[in-house]
Structures are given as C-alpha cells and as structure tokens.
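I opened the notebook for one chain and one sitting. I wanted to note what sits where, and what touches what.

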Amino acid sequence: MNTKNLVALSLLVGMGAVLHTVVPGFILGMKPDMMLTMMFLGVLMFPDKKSVFLIGAVTGLISGLTTTFPGGLIPNIIDKPVTAFVFLALLLALKKFKSSVYIAAGLTAIGTIVSGIVFLGAAYFLVGLPGPFIALFAGVVLPAAAFNTVFMAILYPVATNIFKRAKLAEIN
C-alpha cells in the first residue's frame, strides 16, 4: 500500500466522518450512516485486503466515536470491518462485469443492509436495543439503504473521474 492510497482513503474517511457527524439521530438515537457510503467508495477504488481492512477498522472506530446510538461504539467497531469484507467479497464476485454506477449503487444497498443487520445484532447482544429490531431495521436501515444508494449513484461517477485524472486508482 502506497502513500497515495493512504491519503485517498484518509480523505474518504474524513469526508465520511463529517457527514456522519452532521446527520442528526432521529429514531431512538439511530441515524443513517453516511460514513458507509464513503467506506464503500474506498473499497470500490482500492479493492485489496489491506486497504479494505484499514478503511473498515478506521471507519468503525470513527463511526463509533461519533454515534448517537447509546452504547454504539463496540457494535460499530464490529460492524464496519465485517461489512467492508462482505462488500469486497460481493465486489470480487461481480468482478467479471464491468464496474458501473449500477453495480456500485446495488452493492451499496446490499452493504448498507448487511451493515444494519450486523450493527443491530451486535448492539442487541452487547448493549440491548432501544426498540424492537424490526422497527429499527424498517425505520432506520431501509431508509438509510435507499439514501446511501442514491448518494452512491451520484458520487461514484464523480469520484471515478477524479481518481482516474489524479491516477490514484485503477478503475475498470
């Protein structure tokens, strides 16, 4: 992993941290995780195990430190690396297809749902949930998946263009 990759990943995490911080919690302290979209973008741009581990771990830590969910630090630290590697596995399974905004958006929707399930499951077992699992899933995770999908559909073409011009990543 070279310095350019580290700088690009840190910029994505930094932008995700700002987005995660400014979005308010609205249902029992939970909020859509905008940091996920930036993590997914990092995995799309740098699909190697070291980069995925790094962005998953750092995203989990920062997301956990800025969460409004009661006791959400440890569930975030568990959730993000797991979700990053599931996203990578799905991306590698679809590698034979040309990378497109549709694949990025679809994987973002799936990744956000996986993240929500892992987060809520970890929170349920570690600290308890402030409401029913199904209500939190339907009220926060599904709208977050829809929002993150639209956000990725807008962001992915812009980011790939920037990364190609700056020669930061090899985009197919």
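**Entry 1: Thr37 and its helix**

I began with Thr37, which has contacts with Asn148, Phe151, Met152 and Leu155 once neighbours within four places in sequence are left aside. I was working on a predicted model throughout. Thr37 belongs to helix H2. I looked up its accessibility: the value is 0% relative accessibility, so Thr37 counts as buried.

How many of the 12 residues of H2 are buried? I found 12 of the 12 buried, so H2 is largely enclosed by the rest of the structure. The buried residues include Met34, Met35, Met38, Met39 and Met45. Phe40, Leu41, Gly42 and Val43 are also among them. I then looked up what covers the buried residues of H2, and the cover includes H1, H3, H4, H5 and H6.

At the N-terminal end of H2 I found a cap by Asp33. A side-chain oxygen of Asp33 lies 3.1 Å from the backbone nitrogen of Met35.

**Entry 2: Asp33 again, and its charges**

In one of them, Lys80 pairs with Asp33, with the closest N and O atoms 2.7 Å apart. This pair links distant parts of the chain, 47 residues apart. Lys80 is in helix H4 (residues 73–93), and Asp33 is in the loop between helix H1 (3–22) and helix H2 (34–45). Are Lys80 and Asp33 buried or exposed? I found both Lys80 and Asp33 buried.

Lys80 also forms a salt bridge with Asp79, at 2.8 Å from N to O. Asp79 and Lys80 are both buried. Shared partners join Asp33, Asp79 and Lys80 into one network.

**Entry 3: the nonpolar cores**

I then turned to the nonpolar side chains. The largest nonpolar core has 29 residues. Leu41, Val43, Leu44, Met45, Met152 and Tyr156 have the most contacts inside it. H1, H2, H3, H4, helix H5 (101–126) and H6 each supply at least two residues of this core. Which helix gives the most to this core? It is H2, with 9 residues.

With neighbours within four places in sequence left aside, Met152 is in contact with Thr37, Phe40, Leu41 and Leu44, among others. Its contacts also include Ala104, Ala105, Thr108 and Pro157. Another core, of 8 residues, lies apart from the largest one. Leu120, Ala123, Leu129 and Val141 are among its residues.

**Entry 4: H1**

H1 was next. The 20 residues of H1 should span 28 Å at 1.5 Å a residue, and its end C-alpha atoms are 29 Å apart, which agrees. Its buried residues are Asn5, Ala8, Leu9, Leu12, Val13, Gly16, Ala17 and His20. They pack against H2, helix H3 (49–65) and helix H6 (133–165). Asn2 caps the N-terminal end of H1, with a side-chain oxygen 3.2 Å from the backbone nitrogen of Lys4.

**Entry 5: H6**

Where does H6 kink? I located a kink of about 35 degrees at Leu155, shortly before the proline Pro157. Lys167 follows H6 and has a positive phi, near 55 degrees.

**Entry 6: two spot checks**

I picked Leu91, which is in helix H4. At 9% relative accessibility, Leu91 counts as buried. Not counting residues up to four places away in sequence, Leu91 touches Val43, Leu44, Pro47 and Leu107. I also took its C-alpha separation from Leu6, 85 residues apart along the chain, and got 21 Å.

Gly128 was my other pick. It sits in the loop between H5 and H6. At 27% relative accessibility, Gly128 counts as partly exposed. Leaving aside neighbours within four places in sequence, I found Gly128 in contact with Phe69 and Ala123. Gly128 and Pro70 are 58 residues apart in sequence, and their C-alpha atoms are 9.1 Å apart in space.

Terms used
Residues are numbered from 1 along each chain as its sequence is written. This is a predicted model: local features need pLDDT of at least 70, side-chain atom pairs count only at pLDDT 80 or more; totals for chains, interfaces and linings use all residues. Side-chain values use heavy atoms; hydrogens and water are left out. A salt bridge is a side-chain nitrogen of Lys or Arg within 4 Å of a carboxyl oxygen of Asp or Glu. Helices (H or I, at least four residues) and strands (E, at least two) are DSSP runs, numbered from the N terminus. Buried means under 20% relative accessible area, exposed over 50%, partly exposed in between (1.4 Å probe, protein chains only). The expected span of a helix is 1.5 Å times one less than its number of residues. Contact means heavy atoms within 4.5 Å. A polar contact is a pair of N or O atoms within 3.5 Å; within protein, one must be able to donate a hydrogen and the other to accept it, and residues adjacent in sequence count only if both atoms are side-chain atoms. A nonpolar core is a set of buried Ala, Val, Leu, Ile, Met, Phe, Trp, Tyr and Cys residues joined through side-chain atoms within 4.5 Å. The bend at a residue is the angle between axes fitted to the seven residues ending there and the seven starting there.
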